[in-house]
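Open the model in your viewer and follow the stops below in order. Each stop says what to select and what is found there.

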Amino acid sequence: MIDLVKPLLPGAVIGIVGGGQLGRMMTISAKEMGFRVGVLDPAADCPTAQVADWHIVAAYDDVFALEEMARRCDVITYEFENVSVDALNAIIYNANVPQGTDLLAITQDRLMEKAFLEENNIVIAPYETIISPTDIQDAIDSIGYPCVLKTTRGGYDGKGQYVLYSTADLAPSMNLLRSGTCELEAWIPFEKEISVMVAGNGSGEFMVFPVVENIHRHNILHETIAPARVAPEVVEEAQRIAKVIAKALDLRGVLAIEMFLTKTGSIYVNELAPRPHNSGHYSIEACNQSQFDAHIRGICGWPLGEVKLLSDAVMVNILGDELLETYDLIARKPDWQFHYYGKAQAKPGRKMGHITITTEDIYGTLEEIYQTNIWD
C-alpha cells in the first residue's frame, strides 16, 4: 500500500468502489473540493455514476477492473463494507488505499469485529460462537433468553439475524446456520440506539461528530435526531469510545459506530461501519462540515479541524413505498432539505432518499413529520 506523504491537491483523482448513495454524496463533497472522481460499480446508471467524472462498469471483486481504477486514480476508497478484501489486497501494493484492508476484514466479520472491540476494552453484548446446531443450547444456557442469532457476514438492515424469545424460536432460527458460522448474542434491553461518526487522516488527527439518536422501524433506520437526547456524560463516554476505536485502527476516512444505551447509562457498542453512514446524513446541513467532507479530507490527508453542530436537526429516511408521497411535500415544506438518490427502481424498504430538517424544536419537528401521515 502506498502511503500518503503529503495531502492530495485539488485536481487529483479519487476512485470509489461502490456506486450507491454514499458514493454519490462522497462524490459531491469531493468535487466541491476540486477533485475528479471515478466509480467502479456493476450497475450502469448507479447513483454515484450520475455525478462522477467516469464509471468502470464491473463487479466489485473484478481484479482487472480494480487494477484499471488504480492506474487512473490517485487514491481509492469504498462506500460499503462488502467490497472483496482479497480483490483489494491483489492491487494494494500498486494503489493508494489509505483505509487499507484490515478495517474491511474486521467489519465484514462479526466475530473479528467483536474480538477487536474486546482487545480494546470496549463493552459489547455477551456472545458465543455457533458453528453447528448443537452449539446453540449450550450458548443459550450461558446467555439466556431473549437473544439474537446473527450470521457472521453480510447482515444489514436486520437481515441475517433472528431473535429468539423461547425454545419455540430454535427451529426457525436454524436457517441462518446454512450460511455458515453464526454468533449468538445477548439481547441488550436498551433505552435508546445512538451512534457517532469519527474521522481520521493518518497523521494522528481525529475528529468526532456529535452523538445522535436513531429510531429504527423494521430494522431500517427511520429517523436520526441530532444531537441525541441524552445526558452530557453519555455524550462524553460515547465520543471517548469513538476516539479509542479510531486510534486503534489508525483510522483514515470516516467510521460509524452504532451503540446501545441502557436506562442505567451503560453503553454497548453494537456495530462498526467503515464508511459514512445513514445516521450521519444530518451533518450535510447541520454541521460546519459533513461526514462526506470529513471522509474525503481523511483519505486525502487534509487536516480535519473541529466539527461543530450549527443547528439541531432531524433526518428522516425516504423508502421506496414512501417516495411518491414525499414529492407532494416539496411544495408544502420549503424549509425542509430534500435529497433524492437517483435510483431507477423504487422498492419497499429500499432507501431512495432522505430529508433533513434543521430546527429549534426537536419535539415539534418530530410531530410535524408524523402529521404528514407518510411515516405512520
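Begin by selecting strand S5 (residues 127-130) together with S8: the two pair in the antiparallel sense over four bridges. Within this pairing, Ile130 has Cys182 of S8 as its bridge partner. The model you are viewing is a predicted one.

Look for Val148, which stands opposite Glu185 in S8.

Now select S8 alone, residues 182-186. Are its residues buried or exposed? Five of the five are buried, so the strand is largely enclosed by the rest of the structure. Both faces are covered: Cys182, Leu184 and Ala186 lie on one side, Glu183 and Glu185 on the other, and all are buried.

Next, select helix H6, residues 134-143. Ile136, Ala139 and Ile140 are buried here. Viewed down the axis of H6, the buried residues fall within an arc of 100°, so they line one face of the helix. An α-helix has 3.6 residues a turn, so residues three or four places apart point the same way. On the other side of H6 are the exposed residues Thr134, Asp138, Asp141 and Ser142. What do the buried residues of H6 pack against? Their partners are S5, S6, S7, helix H7 (170-173) and S8. Step just past the end of H6 to Gly144, which takes a positive phi of about 85°.

Another glycine is the next stop. Select Gly160, in the loop between strand S6 (147-151) and strand S7 (161-164). Leaving out residues up to four places away in sequence, Gly160 touches Leu149, Lys150, Thr151 and Leu176. For a sense of distance, pick the C-alpha atoms of Gly160 and Ala30: they are 130 residues apart along the chain and separated by 33 Å.

Zoom out and colour the chain by domain. The domain assignment gives domain 1 (13-97), domain 2 (126-186) and domain 3 (190-372). Between domain 1 and domain 2, the C-alpha centres lie 35 Å apart.

Turn to the largest nonpolar core, which has 53 residues. Select Ile76, Ile194, Ile245, Leu255, Ile257, Met259 and Val269, the members with the most contacts inside it. Helix H8 (residues 232-249) supplies the largest share of this core, seven residues. Domain 1 and domain 3 each contribute at least three residues to this core. Centre on Ile257 to see its surroundings: apart from neighbours within four places in sequence, its contacts include Ile194, Val196, Ala242, Ile245 and Val269. A second, separate core has 22 residues, among them Ile14, Leu22, Ala30 and Ala52.

Finish with the cysteines. How many disulfides are there? The count comes to zero. Cys147 is in no disulfide, and the nearest cysteine sulfur, that of Cys182, is 12 Å away. Cys147 is buried, with a relative accessible area of 0%. Cys300 is likewise in no disulfide; its nearest cysteine sulfur belongs to Cys73, 11 Å away. Cys300 also counts as buried, at 0% relative accessibility.

Note on methods:
Residues are numbered from 1 along each chain as its sequence is written. This is a predicted model: local features need pLDDT of at least 70, side-chain atom pairs count only at pLDDT 80 or more; totals for chains, interfaces and linings use all residues. Side-chain values use heavy atoms; hydrogens and water are left out. Domain bounds come from an automatic or database domain assignment. Contact means heavy atoms within 4.5 Å. Buried means under 20% relative accessible area, exposed over 50%, partly exposed in between (1.4 Å probe, protein chains only). Two strands pair if DSSP finds at least two bridges between them. A nonpolar core is a set of buried Ala, Val, Leu, Ile, Met, Phe, Trp, Tyr and Cys residues joined through side-chain atoms within 4.5 Å. A disulfide is a pair of cysteine sulfur atoms within 2.5 Å. The arc is that of the directions from the helix axis to the C-beta atoms.
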